[in-house]
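Biologist: I have not looked at this one before. Can you walk me through it?

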Amino acid sequence: LARADAALAEARAHGAVLAVLPEAYLPGYAHARADAGATARAWLDGAARRHGMTIAMGYVDGDACVLGVTTPTGAHTRYTKRFLSPAEARVWRAGATPVIADTPVGRLGLLVCADVLQLDAWAPFVGAVDAVLVAAAWPDYRGRLPTVPRIARPALGWLFGASNPYRRDLLARAARAIGAPVVFANATGPVDGPGPGGFSGGACIYGADGAVLAEGEVAVAPLARGTPGAPLAHPAEWAAFTRVYRWAAARRGAA
C-alpha cells in the first residue's frame, strides 16, 4: 500500500485524476487474508481523499474478486469478477452483473482480467461509458508449457505463445468497438506457486481509436471518448478457446 501511495502521488503530480491498480492488489493474487476487504475499502477511502483522485483497485473480499472504485468524496462502487478462470472458480464465486461506476471523471465500465476474453463482458459498455478500467493479474505463459499435462500440450501449445500478444490486440480492438479508452493495470513480478514465469505486466492505456497512449509501471495519459466501431469478435481459435474456458470454469465452480 505504501508503494501504491507513492505511485498515486507521482500520477497526481502529472495531473492525473483517475488511477487504476491491479487485480487482487490486496492481499495479493493467490493469497487469502480475512481483513483484506475491509482494509482495501478503508485505504481506498483515505487515498482518494488524500490525493484528490478517483482510484480503482482490485482486492479480494472473502470469496469475491472485486474491483472497487472510490471517489474523493468517499463514494464507492464495487464490481465482482464475472468470468473466472477454472482455477479461480474453485475458490471464488462469480459476480452476476456488469457494473458501470458513475464518478466525477465520467462513467467507468469495470472488468477484471479474464473477463476481457468474454465478449459478453464488453457488450454493456458499447457507447455507454467514458472509459473501461481493467485490473489484471495476467500471467506470462512463456516457458510454462511443461507444467501442462503432456497429453494436452499439442492442443495448448499455441496458446502459451499467443496469450500476451493477443491480449494487447484484443484490448485495442475492444477500445475501438466500445468507443472509449481502455485502462489496463496488470500485476508484474513473480507468481507464488509451481512453475516458471510470473505476471506479464504491461500496464497500458489505449485510446478510443485503439492507439497506445501510454505504457509502463506507472502510465499517464489523457482520456477522450470516441464513436463505437465494428463489433468485437474473436478469431476462430480464440472463440473456441473462450467457450471451453468458460465451460471449464462453470464445471469447477459447480464442483
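Modeller: What follows goes through the sheets, the helices on them and the nonpolar cores. This is a predicted model, where local features need pLDDT of at least 70, side-chain atom pairs count only at pLDDT 80 or more, and totals for chains, interfaces and linings use all residues. Residues are numbered from 1 along each chain as its sequence is written, and side-chain values use heavy atoms, with hydrogens and water left out.

Biologist: What is the strand order in the open sheet of four strands?

Modeller: The order is β1-β2-β3-β4, with mixed pairing. Strands are DSSP runs of E with at least two residues, helices are runs of H or I with at least four, and both are numbered from the N terminus. Two strands pair if DSSP finds at least two bridges between them.

Biologist: Which are the edge strands there?

Modeller: β1 (18-20) and β4 (76-80), each of which pairs on one side only. From one strand to the next the twist averages 25°.

Biologist: How many bridges join β3 to β4?

Modeller: Five, and the two strands run antiparallel; β3 covers residues 64-70. G68 has R78 in β4 as its bridge partner.

Biologist: Which strands does helix α2 lie across?

Modeller: Helix α2 (residues 36-51) lies across β2 (54-61), β3 and β4, and runs at about 170° to β2. Axes are lines fitted to C-alpha atoms, for helices over the stretch in contact, with angles from 0 to 180 degrees between N-to-C directions. Contact means heavy atoms within 4.5 Å.

Biologist: Now the six strands. What is their order?

Modeller: They form an open sheet, β5-β6-β7-β8-β11-β12, again with mixed pairing. β5 (100-103) and β12 (212-215) are at the edges with a single partner strand each, so one side of each has no neighbour in the sheet. The twist averages 20° from one strand to the next.

Biologist: What packs on that sheet?

Modeller: α4 does, touching β7 (131-136), β8 (182-186) and β11, and its direction makes about 150° with that of β8.

Biologist: Which residues touch the most other members of the largest nonpolar core?

Modeller: L110, L111, W122, V132, L133 and V182, out of 59 residues. Such a core is a set of buried Ala, Val, Leu, Ile, Met, Phe, Trp, Tyr and Cys residues joined through side-chain atoms within 4.5 Å. Buried means under 20% relative accessible area, with a 1.4 Å probe and protein chains only. Helix α4 (residues 153-178) gives the most to this core, with ten residues. Another core lies apart from it and has 18 residues, among them L8, A16, M53 and Y59.

Conventions
Buried means under 20% relative accessible area, exposed over 50%, partly exposed in between (1.4 Å probe, protein chains only).
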